[in-house]
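Me: I'd like to learn how to read salt bridges in a protein model. Could you walk me through it?

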Amino acid sequence: MLLTWILLCVMLGVIAGLLWFLWTLVQGAPFVPSHRHAIEEVVELAALQPGERVAELGSGDGRLAIALARSQPTAIVVGFEINPLLVWVARRRVRRARVGNRVSIRRANFWKEDLGQYDVVTVFGIPHVMERLGRQLTRTARPGSRAVSNAFPIPGLKLDARTTRALRYVVPKR
């Protein structure tokens, strides 16, 4: 009887884990930590100027948001993350890095956010996310703003620069 309960609990845990994974795929992409070199390349291509505002889409554990803030002392970085556990981890990292006055991590679905208020948008998404993001940026982002992708192209935007792991795009005029 005890073995039956244990097996039932394990099966329910596996099913819950699979449902969580599928839900994250539907919402965007599962969390995959960016490699340190990829973070450096995204920061390089973002080329933040004083006072610029950055939207970090799917901010995960907050490492990129922190690196962006450190690269330009007057930049404001807003990270959007839907996973509550990652939001907690990212906020903790931001506090420990002492950049909380310039970095905020919001538990939010970035598809519902106004990206037009940002000078730079960074993202590490999978292909189906990038297609949709390209359309959204073309519609809502300010012309001339920059989008920097870790690894995957953003269809519909003009490639401006690239490194080994990162790609920078400029949002076209409407």
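Me: Is arginine 142 buried, exposed or partly exposed?

Reply: Arginine 142 is partly exposed, because its relative accessible area is 37%. Here, buried means under 20% relative accessible area, exposed over 50%, and partly exposed in between (1.4 Å probe, protein chains only). One caution before we go on: this is a predicted model, where local features need pLDDT of at least 70 and side-chain atom pairs count only at pLDDT 80 or more, while totals for chains, interfaces and linings use all residues. Residues are numbered from 1 along each chain as its sequence is written, and side-chain values use heavy atoms, with hydrogens and water left out.

Me: Which residue forms a salt bridge with arginine 142?

Reply: First the general idea: side chains of opposite charge can pair when their charged atoms come close. We call it a salt bridge when a side-chain nitrogen of Lys or Arg is within 4 Å of a carboxyl oxygen of Asp or Glu. In this model the partner is aspartate 119, with the closest N and O atoms 3.0 Å apart. This pair links distant parts of the chain, 23 residues apart.

Me: How many salt bridges are found in the whole structure?

Reply: The search finds six. One of them joins glutamate 40 and arginine 36, at 3.2 Å from N to O. Glutamate 40 is partly exposed, with a relative accessible area of 41%.

Me: What about aspartate 160 and arginine 168?

Reply: They form a salt bridge too, and their closest N and O atoms are 2.8 Å apart. Aspartate 160 is partly exposed at 43% relative accessible area, whereas arginine 168 counts as buried at 15%.

Methods
Helices (H or I, at least four residues) and strands (E, at least two) are DSSP runs, numbered from the N terminus.
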